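Biologist: Please take me through this model in questions and answers, with each criterion stated when it is needed.

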Amino acid sequence: MAVTIIARIQAYLQLWMMLAVALVYLPITLISHPFLLITSPSSFRSAWFESYFSVLGPMLARSDVQAGHVEQVLSRAKGTVLELGPGGGDQIYHYKTDQIDQIYAAEPNTFLHPALLRNAEKHGLKGKVVPLKAGAEPGSLLPALKKAGLIASTTSSIPEEGVFDSIVAIKCLCSAPQDQIPATVEVVHALLKPGGEFLFFEHVANDTDSITMSYAWVMNWIWPVMMGNCHLNGKVDKVVLRTGGWDDRNVQNISEFQGLEVFRYVKGICRKA
Ligand SMILES: C[S@@+](CC[C@H](N)C(=O)[O-])C[C@H]1O[C@@H](n2cnc3c(N)ncnc32)[C@H](O)[C@@H]1O
Ligand SMILES: *[C@@H]1O[C@H](CO)[C@@H](O)[C@H](O)[C@H]1NC(C)=O
Ligand SMILES: *[C@@H]1O[C@H](CO)[C@@H](O)[C@H](O)[C@H]1NC(C)=O
C-alpha cells in the first residue's frame, strides 16, 4: 500500500525533532565547557552528545516499542560480556544480573562513563562493569582489549578459543565507521567463544523506498555531525547474514516502527559455531 504524503512528512520530520533537541543543548554545552570547542573539538562533540543523550537515552530505553525487543536480546547475555557503545547504561536494567560475571563496556565517549557506572550500581551490577574507552571498530577495540589484559599484548591474533560468552550492540553500530562494519562483525565473531552469542538491536537503512532513501542520503550529511556520529544507512543485518561461522543466525525486522520509517529496526541473536 502506498504511503500517504502526510505519513511520509511526519516520519521525515521526526528526525528534525531529534535535531532540535540536540540544538537546544548546544548553547548549554558551550556554557558548561567554554574552552573545549577550541582545545578539543572532538571532546566538545562528545560533551554535547552526553548533554542531550542523558535526557533522550533514558526516554528511548523505556519506550514501549523498543524495550521488549531489547529485553529479549539482552536478557540472553551471560558470563563474560562485551557491550559495544553502552552509552550511559540506560539499557543495563535488562541484564539478568545472576548470569553475568563481568561486562566490559566499550564506550568511546568518556563523558558517559560516570552515568554508566551509576546505572551499573543501581541495577545490581556494582563492580561488574568495566568501562573501556574504545569504539566497536577493530582498530580501536582490539588495543583496548589488550590494555585491559583480555587479549595477550604479545600476540597479533585473537585466541582461538575466543574471549566472550556474549557480545552486545544496542543502537551503537550506526555510530561506528560504516566502511568498517564488515571488519567489526568479523572481529565480534572471532572474539566470541564457540557457542557464544552476538546480540544486537540496531537501526539500519530503509532500502525499499526510493524517496526515503534519497531523503536519508541528504540527511546523512548533517545527522552524524549533530547525533554523535550516528548514520542513517546502517547495514549490520546484511553484513551478518553474509558472514559464515554461525550455527544459528536469527535476524529479524521489527515491523511496529511505523512513523520512523527512515530507520528500519532489526534485532539479532547469532550463535557462533
Ligand atoms: C544512540 S547511543 C546508544 C547508547 C546505548 N546503547 C543505549 O541504547 O542507550 C549510541 C552510542 O554509541 C556510542 N558510539 C559512538 N561511536 C562509537 C563507535 N565507534 N563504536 C561503538 N559505539 C560508539 C556513542 O558514544 C553512544 O553512546
Ligand atoms: C527486512 O526487510 C527488508 C526490506 O525492508 C528486506 O530486504 C529484508 O530481507 C528483511 N530481512 C529479514 C531478515 O527478513
Ligand atoms: C520505508 O519507507 C517507506 C516510506 O516512508 C515506509 O512506507 C516503509 O514502511 C519504510 N520501511 C520500513 C521497513 O520501515
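Modeller: Two residues are in contact when heavy atoms of theirs lie within 4.5 Å. The model is predicted, so local features need pLDDT of at least 70 and side-chain atom pairs count only at pLDDT 80 or more, while totals for chains, interfaces and linings use all residues. Residues are numbered from 1 along each chain as its sequence is written, chains are lettered from A and ligands numbered from 1 in the order in which they are written, and side-chain values use heavy atoms, with hydrogens and water left out.

Biologist: Which residues does glycine 89 touch, not counting residues up to four places away in sequence?

Modeller: Glycine 89 is part of the loop between S1 and S2; helices (H or I, at least four residues) and strands (E, at least two) are DSSP runs, numbered from the N terminus. Its relative accessibility is 4%, so glycine 89 counts as buried, a term for residues under 20% relative accessible area, with exposed over 50% and partly exposed in between (1.4 Å probe, protein chains only). Beyond four places in sequence, the residues that glycine 89 touches are Leu116 and Asn119.

Biologist: How many bridges join S1 to S2, and how many join S1 to strand S4?

Modeller: Six of the six residues of strand S1 (residues 79-84) are buried, so the strand is largely enclosed by the rest of the structure. Two strands pair if DSSP finds at least two bridges between them. S1 runs parallel to S2, with threonine 80 opposite glutamine 102, and also parallel to S4 (residues 164-170), with valine 81 opposite serine 166. The bridge counts are six for S1 with S2 and, for S1 with S4, four.

Biologist: At what distance from the backbone nitrogen of phenylalanine 111 does a polar atom of the side chain of asparagine 109 lie?

Modeller: Asparagine 109 belongs to the loop between strand S2 (100-106) and helix H5 (113-122). With a relative accessibility of 6%, asparagine 109 is buried, and its contacts beyond four places in sequence are Ser46, Phe49 and Glu50. The backbone nitrogen of phenylalanine 111 and the polar side-chain atom of asparagine 109 are separated by 3.0 Å.

Biologist: Is the pair of phenylalanine 49 and tyrosine 52 stacked or edge-to-face?

Modeller: Rings of Phe, Tyr and Trp (its six-membered ring) pair if their centres lie within 6.5 Å; planes under 30 degrees apart count as stacked, over 60 as edge-to-face and the rest as tilted. The whole structure holds eleven aromatic pairs. For phenylalanine 49 and tyrosine 52 the centres are 5.5 Å apart and the planes 70° apart, so by the plane-angle rule the pair is edge-to-face.

Biologist: Which residues do ring pairs link into a cluster?

Modeller: Phenylalanine 49 and tyrosine 52 both belong to helix H3 (residues 41-62), three residues apart, about one turn of the helix. Phenylalanine 49 is buried at 16% relative accessible area, and tyrosine 52 is buried at 1%. The cluster consists of Trp48, Phe49, Tyr52 and Phe53.

Biologist: How many residues apart in sequence are the parts tied together by phenylalanine 198 and tryptophan 246?

Modeller: Phenylalanine 198 and tryptophan 246 form a stacked pair, 6.4 Å centre to centre with 25° between the planes. Phenylalanine 198 is buried at 1% relative accessibility, and tryptophan 246 is buried with 11% relative accessible area. Because phenylalanine 198 lies in strand S5 (residues 192-205) and tryptophan 246 in strand S6 (residues 246-254), the parts they tie together are apart in sequence by 48 residues.

Biologist: With the side chain of which residue does the side chain of lysine 267 make a polar contact?

Modeller: Lysine 267 lies in strand S7 (residues 263-272) and is buried, at 10% relative accessible area. A polar contact is a pair of N or O atoms within 3.5 Å; within protein, one must be able to donate a hydrogen and the other to accept it, and residues adjacent in sequence count only if both atoms are side-chain atoms. At 2.9 Å, the side-chain partner of lysine 267 is histidine 69.

Biologist: How many disulfides are there?

Modeller: A disulfide is a pair of cysteine sulfur atoms within 2.5 Å. By this rule the count of disulfides is zero.  For cysteine 172, which is in no disulfide, the nearest cysteine sulfur is that of cysteine 174, at 7.0 Å; for cysteine 230, also in none, the nearest is again that of cysteine 174, at 3.7 Å. The number of disulfides is therefore, under the 2.5 Å limit, zero.
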